[in-house]
Amino acid sequence: MLGIFLLAAVTVVDGDTLRLDGERVRLVGIDAPEIHGCPAGRACAPGDGQASKRSLQNLMNGSLSIRRVGHDRYGRTLAHVYVNGVNVACEQIGRGQAVYMRKWDNGLELARECR
């Protein structure tokens, strides 16, 4: 389902998660650095979590649309999110603020979009 948010309340949680009018939305196919550092014993995306969050915040300027594809084990909506027609997950990868995660890219849709 494709939804278009013209005046949605958008809050950036971190480099790969948003809140859209209260709905928690996880960007499909990417992993961004953790805001508070990587917990011991866990593999995390490299980089600065605060910088990744700021990067995503800077992308949230324009006409936003969302294509929901499911939910994750934490109850977040999994989705492809676009601002002015551009997939923000692809932008985060291109800016070096997230890494592509093939195992989280069902059907390799993101890989095709980010070419």
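Which residue does cysteine 90 form a disulfide with, and how far apart are their sulfur atoms? The legends below take this up in a predicted model.

**Figure 1. The disulfide of cysteine 90 and cysteine 114.** Cysteine 90 pairs with cysteine 114. Their sulfur atoms are 2.0 Å apart. The torsion about this S-S bond is about -90°, so the disulfide is left-handed. Cysteine 90 lies in helix H2 (residues 88-94). Cysteine 114 lies in the segment after helix H3 (109-113). The pair therefore ties together parts that are 24 residues apart in sequence. Cysteine 90 has 15% relative accessibility and counts as buried, because buried means under 20%. Cysteine 114, with a relative accessible area of 31%, is partly exposed.

**Figure 2. The disulfide of cysteine 38 and cysteine 44.** Here the S to S distance is 2.2 Å. The torsion about the S-S bond is about 80°, so this disulfide is right-handed. Is cysteine 38 buried or partly exposed? Cysteine 38 counts as partly exposed, at 42% relative accessibility. Cysteine 44 is also partly exposed, at 22%. A search of the whole structure finds 2 disulfides. With bonded cysteines counted along the chain, the pattern is 1-2, 3-4.

**Figure 3. The largest nonpolar core.** This core has 20 residues. Leu18, Leu27, Leu56, Met60, Val81 and Val88 have the most contacts inside it. Which elements each supply at least two of its residues? Two of them are helices: H1 (49-59) and H2. The strands are S3 (17-20), S4 (23-27), S6 (64-71) and S7 (77-83). In soluble globular proteins, nonpolar side chains tend to be buried together.

**Figure 4. Methionine 60 and the residues it touches.** Methionine 60 is among the core residues with the most contacts inside the core. Leaving out residues up to four places away in sequence, methionine 60 touches Val10, Val12, Leu18, Val83 and Val88. Leu18 and Val88 are also listed among the core residues with the most contacts.

**Figure 5. Glutamine 92 in helix H2.** Is glutamine 92 buried or exposed? Glutamine 92 is buried, with a relative accessible area of 0%.

How values were computed:
Residues are numbered from 1 along each chain as its sequence is written. This is a predicted model: local features need pLDDT of at least 70, side-chain atom pairs count only at pLDDT 80 or more; totals for chains, interfaces and linings use all residues. Side-chain values use heavy atoms; hydrogens and water are left out. A disulfide is a pair of cysteine sulfur atoms within 2.5 Å. Buried means under 20% relative accessible area, exposed over 50%, partly exposed in between (1.4 Å probe, protein chains only). Helices (H or I, at least four residues) and strands (E, at least two) are DSSP runs, numbered from the N terminus. A nonpolar core is a set of buried Ala, Val, Leu, Ile, Met, Phe, Trp, Tyr and Cys residues joined through side-chain atoms within 4.5 Å. Contact means heavy atoms within 4.5 Å.
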